[in-house]
Amino acid sequence: MSKIFSFSGTDTFFSGGSIYPNPKESSLFFSLGHHVDVYFPHRKRSRISAPIVLSGERFEQKRPSIEILPDECLFEIFRRLPGGQERSSCACVSKRWLTLVSNICKDEINDNKDGVVSEVEDQDVEGEGYLSRSLEGKKATDVRLAALAVGTASRGGLGKLFIRGSNSTHGVTSVGLRAISRGCPSLRVLSLWNLSSVGDEGMCEVAKGCHQLEKIDLCHCPAITDKSLLALAKGCPTLKDLTIEGCANIGNEGLQAVARSCPNLKSISIKNCPLVGDQGIASMLSSASCTLTKVKLQTLNITDVSLAVIGHYGKAVTDLSLTNLPNVSEKGFWVMGNGHGLQKLKSFTVTSCRGITDLGLEAVAKGCPNLKQSCLHKCAFLSDNGLLSFAKIASSLESLQLEECHRITQFGLFGSLLNCGAKLKVFSLVNCLDIKDLNLGLPLVSPCQSLRSLSIRNCPGFGDSSLVALGKLCPQLQHLELSGLHGVTDAGFLPLVESCESGLVKVNLSGCVNLSDKVVSILADLHGGTLEMISLDGCTITDASLVAIAENCQLLTDLDVSKCAITDSGIAALARSNQINLQILSMSGCSKVTNKILPSLIKLGETLLGLNLQHCNAISSSAGDLLVEQLWRCDILF
């Protein structure tokens, strides 16, 4: 080896041996050839030495990498970072780093003793748990959940999380929920839909870390069992709202645990859970600390016992919905009504329950003196007599909706309107096939002055005679919906329009194919000062109706003339009006409208927020593109 010399100014030569006492400094000894070796000391020493691989006269230097550190060391480094922004930046490096950062609990973050403050954390935030995030379909993965947990931690914290659907290859599992539980302690709302890969392990992790949960929604999560509810009941005592749907392995034990440990529970919704029976429902209602106000039960194997418990212990219940309970009979509804516990009930909805008969509905009316809203759907055994008794007894009723109650006839319809209390404001009749257009010769009685909204939809037997009678009974209507009534003509509709004293505000005549321009003209003339919404979808009207609307309806904001025989001239009349300020215009399926309509639509676009031009085949795609460009603030369907 050749002589070694240094450049410090005092040359010292060595005859042999190593020139550096530390053998590790051999990496600083570079070979420049066969005869000269030169020592170049670094100005600043690296913490991690970069090894050199010698290959003849060439050398290869490996780049130093923090990746050689084990997970335990990286974890300690990450938890000592001064702020959330720094941890978020580290999480963007790799999935490994993201996993490590997302597993840091809030109480594991090292306190900032040096006074170093992150730029983001120095800013004011609205408070913990105000952020809301939703993952759907293929976006619902563990990696995205981990990223959410890390990214929202420094910006106020995640308060609401909704996960819909599942990626079959990389779906959400307990790993993703573990990241949420550790990074989102302020989470208040958690909704899981259609997640077959999420089981008890993940939910137990949530229960351990998210103690502020107030609302939990579990829908079609077959791997979740009672064990999850036991953990949630123990770890989330502030729970207020619980929804369970299509979870085949959740039963009575889990509901009993929630009833014991969650005194603040206000709302429960349980649907299509075959293991839930009377024992579970009874425990929820009869708990000493029960303060339930909303109860929704659907497609469950419960019997009359559950309804008896509801009728006796549901002293705080204000909203009750019962759907498709095949094992509940007339006796169950009778006992529930006579339990005198539903004194605060305001809303009562029943769908497809064979136990709702004339006797059962009458008992409910007697036991619920403060009932304000009732929806009766698919009540096959309810007749005119039961409806009449219900209307007489429920004196506080404000809204009554009947749908697919095929034993209800004209007598029940007009009898309920004649005998209802002075508070009824909304009446709706939908798909009741036994309604016939009979001239009943109603006695001279005082009209129903309180009714403000009337909706008759898809009742094929409803015609002009019934409509004329309704006009006499309901002079204060403001909202009128007559949809799909082929038996209604100008002769029946005009007397109704003329009898409305308060001024109609919203009118929906969709599918009334036998109404003409005359009806629209008189409607616009008599009520143009109050009309805000008109739907003429599928009606046989022409440009004459649009001219009348343009001249009289100065408050109109929503107009639907889809599938009507209007042309460019009718829309031009709307555009010329100086008093109309449309926000929503629907012209779907208007085949006579062409590209000539563009100037009119651009003029209307000064106020339009929504425009529907679907299936307008005479309007070219280039014209549609121009509209999208010109009406940039308007949502256009083309």
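## A buried serine

S374 is buried, with a relative accessible area of 0%; buried stands for under 20%, exposed for over 50% and partly exposed for values in between, using a 1.4 Å probe and protein chains only. This residue sits in strand 14, which covers residues 373–377. Helices (H or I, at least four residues) and strands (E, at least two) are DSSP runs, numbered from the N terminus. Leaving out residues up to four places away in sequence, S374 touches F348, F390, L397, S399, L400 and Q401. Such a contact means heavy atoms within 4.5 Å.

## About the model

Please keep in mind that this is a predicted model, in which local features need pLDDT of at least 70 and side-chain atom pairs count only at pLDDT 80 or more, while totals for chains, interfaces and linings use all residues. Residues are numbered from 1 along each chain as its sequence is written, and side-chain values use heavy atoms, with hydrogens and water left out.

## The whole chain

The chain holds 21 helices and 24 strands. Of its 638 residues, 50% are buried. Look at the contacts between residues at least 6 apart in sequence: 80% of them join residues at least 24 apart.

The chain exposes about 30,700 Å², and carbon and sulfur atoms supply 52% of that area. The areas come from the Shrake-Rupley method with a 1.4 Å probe, and for residues only the protein chains shown count as cover.

## The nonpolar core

In soluble globular proteins, nonpolar side chains tend to be buried together. Here, the largest nonpolar core has 166 residues. A core of this kind is a set of buried Ala, Val, Leu, Ile, Met, Phe, Trp, Tyr and Cys residues joined through side-chain atoms within 4.5 Å.

Which residues have the most contacts inside this core? They are F333, F348, I549 and M587. Beyond its neighbours within four places in sequence, F333 is in contact with residues including L307, L322, V328, F348, V350 and C353. F348 is also one of the residues that S374 touches.

## A covered helix

Helix 6, residues 200–209, is mostly covered, with 8 of its 10 residues buried. The buried ones are D200, G202, M203, C204, E205, V206, A207 and G209. What lies over these buried residues includes helix 5 (174–183), strand 7 (189–193), strand 8 (215–219) and helix 7 (226–235).

## Two helix pairs

Helix 8 (residues 252–261) and helix 9 (residues 278–286) pack at an angle of about 5 degrees, and their axes are 8 Å apart. Axes are lines fitted to C-alpha atoms, for helices over the stretch in contact, and angles run from 0 to 180 degrees between N-to-C directions. Helix 8 and helix 9 are therefore roughly parallel to each other; under 35 degrees counts as roughly parallel, over 145 as roughly antiparallel, 65 to 115 as roughly perpendicular and the rest as oblique. On the helix 8 side, N252, L255, Q256, V258 and A259 meet Q279, G280, I281, S283 and M284 of helix 9. The residues of this contact divide into 5 nonpolar, 5 polar and no charged. Ala, Val, Leu, Ile, Met, Phe, Trp, Tyr, Cys and Pro count as nonpolar, Asp, Glu, Lys and Arg as charged, and the others, Gly among them, as polar.

In the second pair, helix 14 (residues 410–419) and helix 15 (residues 464–473) pack at about 5 degrees, with axes 11 Å apart. That makes helix 14 roughly parallel to helix 15. Q410, F414, L417 and L418 of helix 14 make the contact with S466, A469, L470 and L473 of helix 15. These residues divide into 6 nonpolar, 2 polar and no charged.

## Loops worth a look

V276 lies in the loop between strand 10 (267–271) and helix 9. Is V276 buried or exposed? At 2% relative accessibility, V276 counts as buried. Setting aside neighbours within four places in sequence, its contacts include N252 and L255, as well as I281. V276 and G254 are 22 residues apart along the chain, and 9.3 Å separates their C-alpha atoms.

N249, in the loop between strand 9 (241–245) and helix 8, is partly exposed, with a relative accessible area of 35%. N249 and C273 are 24 residues apart in sequence and 7.6 Å apart in space, C-alpha to C-alpha.

## Two positive phi angles

N324 is not a glycine, although it has a positive phi of about 50 degrees. N324 lies in the loop between strand 12 (319–323) and helix 11 (330–338), and at 32% relative accessibility N324 counts as partly exposed.

K378 is not a glycine either, and has a positive phi of about 55 degrees. The place of K378 is in the loop between strand 14 and helix 13 (384–393). At 43% relative accessibility, K378 counts as partly exposed.
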